[in-house]
Amino acid sequence: MFQATDVITKHSESAGYHERVQELPLPSNFSWGTATAAYQVEGGADQGGKGKSIWDTFSHLQPSRTNGEHADVACDHYNRMPEDVDLMSTFDVDVYRFSLSWSRIIPFGGRKDAISDEGIAFYDKLINNLLEHNIEPVVTLYHWDLPQALYDRYHGFLDTDEFRADFIHYARVCFSRFGDRVRKWVTFNEPYIISIFAHLNGTLAPGHCREQGTDTKTEPWRVGHTIILSHASVVQMYASEFQPTQEGSISIVLNGHFYEPFNPQNQADIDAAERRMVFYIGWFGDTIFLGQDYPIAMREYLGTRLPTFTSEEIELLRQTAQLNAFYGMNHYSTKYARQLTDPPTDDDWTSNIEEGPVNSDGLEIGPASAQQWLRVAPEGFRKLLNWVWKRYRLPVIITENGCPCIGEKDVQVAINDTFRQRYFGLYLDAISRAIYQDGVDVKGYYAWSLMDNYEWAAGYGPRYGIVHVDFETLKRTPKGSAWYLRDSFKSRRQASS
Ligand code: PNW
């Protein structure tokens, strides 16, 4: 059977792929778990009075945008939740990170709209079930499935004041209904992806892009602005209204690649690699965790395309910065950054940097997975952990990490997922080095994903699960990597104690 590991190409030595997995130690209190998101696994599209989200619309209106597929049923987790909790319990996970479907809880989404008891009941059941299995729920409020009604009313994130008021209300409902049992909250999953992929490239819902006639010069930056302010307001609200009694913690999840210079001899490329991370991660990290204005490099390059904060807003950011308890990191891969010299398009969002998997010597950053943008490069992960630690000094939780292997539709190939096991092994070794050799404070690791699911624009193509799902019968079969992670965490944590 064809395995991606068999492909013989020239890979950069520095990416760390040539290392053997060493099963390096992790702290005895390091926690591990799996992650999912509501729209990707739940299904139950019309059950329990659920309202539509922009993903229901996006995947049905023009199916070519999502590999011809929607997630009306997906993994049917809505109806099979107890089986899924049992399953993850057999892997000895400490944590399950999942997201709430806003339109399941408030079908029309808004602050004056009705709350669905059935929606609340589903998440109550899930949370209770997890706790009975000794699994800690880590809950994301927003993983991309905006209530369609809020898009229809005011275009969602494009109206900062309206969105912010509705999001605060929704968050308050969640804290008051679930906060007695949920101790770790994430406001937004991956603001970069929401801003750029959904409001510039148009590959994710609501699919705004130049061809649709939207203003790609300013929209992504407005969306980011809305997310930053909404996050800060919810953190402030949680800290004053709920934290004193519920004693939980809250933060946001940022994704980001590590960038290496395309030509390491060329100063422009060295600067480009650094600047690319500032535009990707600093955009949200500097405002939210440092409580300050956007990075200077962004202000200079984007000019009036980037919204400004009022002095009260800066004060809010300053006051809430320290209330974020951790840095939630979604990380998958490393890329090369190359400074371009030809003039960019007027909606350029990178400061004229091209990114790709091959450097100026023709070396690939690492072996390919089943998704085009994802290469195996564990050393970049270690470097990113250091970059984030140095800049923000916050304990890091890896809220997503994983990869799709080639050929996994076949359950036999999936069970023998040596490519993924090696990926996990190398990335966990990178965490160990970051902790023990570099002094980075990393607290936990959540594998993406518990099970194969609906991979957004790629539909049911790429499979990230540590459990195989047959999307015809919905049968779940654990892959080798599920047992690998169980055993690996056990021995890594023992080794340190
Ligand atoms: C994350 N990129 O998205 C999401 O949080 C998950 O819902 C998703 O299934 C998972 O990663 C795998 O894709 C990303 O292009 C999407 O760099 C795209 C990128 C990164 C993360």
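Predicted model: local features only at pLDDT ≥ 70, side-chain atom pairs only at ≥ 80, totals over all residues.
I looked up the strand order and got 6-8-9, an open sheet of three strands with mixed pairing. Strand 6 (258–261) and strand 9 (353–356) are the edge strands; each has a single partner, so one side of each has no neighbour in the sheet.

Next I zoomed in on one pair. How do strand 6 and strand 8 run, and how many bridges join them? They run parallel, and I count four bridges between strand 6 and strand 8 (residues 334–339). I picked out Phe 258 and found that its bridge partner in strand 8 is Thr 334.

**The ligand**

Which residues come nearest to the ligand? There are 19 residues around the ligand, and I wrote down Gln 40, His 143, Glu 400, Glu 455 and Trp 456 as the nearest.

Gln 40 has a polar side-chain atom 2.7 Å from an oxygen atom of the ligand. For His 143, a side-chain N or O atom is 2.9 Å from a ligand oxygen. His 257 also puts an N or O atom of its side chain 2.9 Å from an oxygen atom of the ligand.

Last entry, on cover: on its own the ligand has 450 Å² of accessible area, and the protein covers 95% of that.

Definitions and conventions:
Residues numbered from 1 in each chain as written. Heavy atoms only, no water. Pairing = 2+ DSSP bridges. Helix = DSSP H or I, 4+ residues; strand = E, 2+ residues; numbered from the N terminus. Near = heavy atom within 4 Å. Polar contact = N/O pair within 3.5 Å; in protein donor to acceptor, adjacent residues only side chain to side chain. Areas by Shrake-Rupley, 256 points an atom, 1.4 Å probe, with all protein chains shown as cover.
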